[in-house]
Amino acid sequence: MPAPRGLLLLFWDYDTQWGAARSRSGHGPADWGPLEFEGADRVLELLAQRNLRACFAVVGAAARPGPRPWADSRQIRRIHEAGHEIASHSFRHDWLPGLTRAALTRTLCESRDALESCIGARVTTFVPPYNQPFDYPARGAFSVSERLRGNRERADIPALCRLLAACGYRACRIAYDPLMRRIRARLTGRAVEQPGRVEEIAGVRCVRLNTPGGFGTPSLTMLDRVAREGGIAVVYGHPHSIRRWETTQHERLLAPLLDHAAALRDAGRLDVALPRELHELVPAVSQV
């Protein structure tokens, strides 16, 4: 019987100064927006050297005419022309739990429209800024912060997916942590992630983050697991962080991870795919 073939989905969250200006770090607006563009150029080089593809989740406002550090429509087109997927990351890096349903619908549609006008192709994948909402009661995941600080019309993950489907999206990266898993992690002192699967929620194909962000040991371990057992590794970073030595998104960790992914691919143990391909590649295993 042939060994299972794993799947890697590699995301880059392309925030520009919109993300920096709306930082939720507690330290107020940040100034790393200019680093997004030089970081993206370097990421494109590293991917091209290994013939790897990725999904770049772009704030829609960055695709409109305007100066750096807020926008660069030409770079976004270059990313698309290099064969990578352009996904929506909301219009201005919005915190989705803080929006009314009308405002949420508006940012989903405006972002998609701006990106499609920029690249001349359909945009069918969405990546929520800050990886929120986390709330997904059907899977035992509850977010106290969203319930306390979010808008009273806030959308949980299923409600977000219903709006995504209405706006023409077909895929989404989601993040949630079931309460029982969190309790087990606290009791044992270790949080063990599993190879991912596709969840179909309100007609949208969703993949859950199963790495902590960045390219360190947890992401390498997940690559090896899916190559050995099958399933999906969902890995992400930010172009503006690849020169920040103190983070796990630095190039010193990124390059070895890309080398490892390419080696597993060349050995026939791993496919590197784009979210827009999930409908054709992977059957959904659950539906809400």
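This briefing covers the overall build of the protein and then a few of its residues. The structure is a predicted model, in which local features need pLDDT of at least 70, side-chain atom pairs count only at pLDDT 80 or more, and totals for chains, interfaces and linings use all residues. Residues are numbered from 1 along each chain as its sequence is written, and side-chain values use heavy atoms, with hydrogens and water left out.

**Overall build**

- The protein holds ten helices and ten strands, these being DSSP runs numbered from the N terminus, with helices (H or I) of at least four residues and strands (E) of at least two.
- Its radius of gyration is 18 Å, close to the 19 Å that the globule rule gives for 288 residues, so the protein is as compact as a globular protein of that length; the radius is taken over C-alpha atoms, and the rule is 2.2 Å times the number of residues to the power 0.38.
- The C-alpha trace spans about 50 × 40 × 40 Å along its principal axes.
- Of the 288 residues, 55% are buried, where buried means under 20% relative accessible area, exposed over 50%, and partly exposed in between (1.4 Å probe, protein chains only).
- Among contacts (heavy atoms within 4.5 Å) with a separation of 6 or more, 75% join residues 24 or more positions apart.

**Asp 72**

- Asp 72 lies in the loop between strand S2 (55-58) and helix H3 (73-81), and is buried, with a relative accessible area of 11%.
- The side chain of Asp 72 makes a polar contact with the side chain of Arg 68 at 2.7 Å, and also reaches the backbone nitrogen of Gln 75 at 3.0 Å; a polar contact is a pair of N or O atoms within 3.5 Å, where, within protein, one must be able to donate a hydrogen and the other to accept it, and residues adjacent in sequence count only if both atoms are side-chain atoms.
- Leaving aside neighbours within four places in sequence, Asp 72 is in contact with Tyr 14, Phe 37 and Ala 62.

**Cys 118**

- Cys 118 belongs to helix H4 (residues 101-119) and is buried, with a relative accessible area of 7%.
- Once neighbours within four places in sequence are set aside, Cys 118 is in contact with Ala 63, Ser 73, Ile 76 and Arg 77.
- The C-alpha atoms of Cys 118 and Pro 65 are separated by 9.4 Å, although the two residues are 53 residues apart along the chain.

**Leu 179**

- Leu 179 is found in helix H7 (residues 179-188) and is partly exposed, with a relative accessible area of 39%.
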